[in-house]
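Subject: Structure handover

Hi,

Here is the structure for you to look over.

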Amino acid sequence: MTSDRLNIALIGATGKVAAPAHLNGLAAISGANLYAVCDIDAASLESLADRLGAKAFTSFEEVLADPAIDAVDLVTPPFLHAEQTIAAAKAGKHVYCEKPMAQSLKQANAMISAHEEAGTTLMVGESYVFHHPIVAARAVIESGGIGDVLHIRETKGPWIMRREEVSRLDGLSHEASAPWRVDPELSGGGRFPWVMDHAPHFFATARYLAGGAAVTAVTAHSQSGSTASDRISGTGAPTGQAITSVAWSFDTGTDSAWNQVESGENAIGEVGFVTTVHGTRGTLVVYGEGEGAAPGLSQPPAVVLYRDGHSQVIDDVNPTDRVWISNNNYYDASHEAALRHWIDSILAGDPVRYSGEDGRSELAATLATIMSADERRTIAPADVPAAWTAYQ
């Protein structure tokens with residue numbers, strides 16, 4: 001490592017969904033030198049490495065043995081995260097690990113401890129809290145613009161891919177392009193694999209907008225039947241049941257809820273992920289991943305403050321999303337912002353603002369969500385056993 005640049009190895013580099021965003025993000029960061037790419041798909045890997053001018057590895061162990069590599073960026077499925085993160089710490093490598101960080105709290109604890117002992121940096125890849133509109137909304141809240149936060153409501157509407165993304169993925173969904181997302185064991189989500197991948201996002205967003213408050217209790221509702229599962233997975237695969245709504249409380253007294261609406265694009269006015277933050281003095285409407293007006297309607301501003309009978313645009317429009325029909329650049333810009341923060345923090349010797357502990361908090365709430373849906377009762381994240389996995 002030089003004083004102004006890290007040699008980085010991207011692990012899972014030929015993946016179809018998150019890997020392109022990481023490749024695009026790293027290419028835009030001056031402090032990043034994409035030194036190596038690693039994947040088990042040797043043929044695709046060689047082509048990618050040639051195009052990037054990077055070293056190609058098909059063995060993670062060989063990556064860790066290369067003394068020129070300073071850090072690894074893990075864009076691998078959750079069942080690999082703990083093993084790879086701990087091995088990287090023992091090899092003295094910094095780690096950026098995509099969410100969900102692990103499949104159990106025991107694994108997450110071991111990942112955190114390994115990097116504390118090695119003196120290396122572990123950051124969990126939670127792009128939502130680096131998404132520009134969400135960061136802008138947090139600034140309004142910190143300035144007192146809406147008073148005390150009372151309630152945070154999140155809605156996940158249908159995500160609609162741009163034609164270019166549909167073509168790139170040969171007409172497949174993100175889940176079909178990365179099938180571990182709907183696999184009970186590979187995802188770690190058991191009967192609710194999709195929510196294992198998505199719940200860290202909505203818990204992280206709400207906790208960030210609530211000032212880092214801790215989740216104290218979670219209640220989840222599941223909808224039985226293949227129809228709900230198919231609408232969510234987009235694969236037609238029998239994924240068991242779908243969690244369609246989650247409510248939770250923070251230790252500050254703030255309440256929060258997440259719901260998903262999976263009607264078709266012609267039946268709604270908005271698509272994607274939207275968050276409404278109600279305070280004692282005002283309300284914020286914040287557009288997140290893939291969010292915006294349904295096709296045919298005018299795109300709204302990314303963040304709007306409602307207060308004293310007036311509306312104020314806080315964040316107007318971000319560049320068009322590469323992946324979704326949306327006015328928010330989510331996939332590339334948010335991943336780039338998160339990766340830039342990780343790299344800059346390492347080079348400056350500063351702590352990251354989304355650490356292993358943060359990733360563990362979202363994992364605990366996510367596991368509590370799955371346990372709540374399984375057992376049909378409210379669960380405190382603090383009561384989730386350390387070794388418990390949703391797929392056991």
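Below is what came out, from the overall fold to the charged pairs.

Bear in mind that this is a predicted model.

Overall fold. The protein chain has 13 helices and 16 strands. The C-alpha atoms fill a box of roughly 60 × 45 × 40 Å along the principal axes. Of the 392 residues, 58% count as buried. Among contacts with a separation of 6 or more, 67% join residues 24 or more positions apart.

Salt bridges. The structure holds 14. Here are some of them.

- D197 and K99 pair with their closest N and O atoms 2.8 Å apart. This pair links distant parts of the chain, 98 residues apart: D197 is in helix 10, K99 in the loop between strand 5 and helix 5. Both residues are buried.
- R138 and E142 meet at 2.7 Å, N to O. Both lie in helix 6, four residues apart, about one turn. R138 counts as buried because its relative accessibility is 19%, under the 20% cut-off. E142 is exposed, at 57%.
- R377 bridges to E375, with the closest N and O atoms 2.7 Å apart. R377 is partly exposed at 45% relative accessibility, and E375 is partly exposed at 39%.
- E165, R168, R322 and D332 are linked in a salt-bridge network.

Best wishes

Notes
Residues are numbered from 1 along each chain as its sequence is written. This is a predicted model: local features need pLDDT of at least 70, side-chain atom pairs count only at pLDDT 80 or more; totals for chains, interfaces and linings use all residues. Side-chain values use heavy atoms; hydrogens and water are left out. Helices (H or I, at least four residues) and strands (E, at least two) are DSSP runs, numbered from the N terminus. Buried means under 20% relative accessible area, exposed over 50%, partly exposed in between (1.4 Å probe, protein chains only). Contact means heavy atoms within 4.5 Å. A salt bridge is a side-chain nitrogen of Lys or Arg within 4 Å of a carboxyl oxygen of Asp or Glu.
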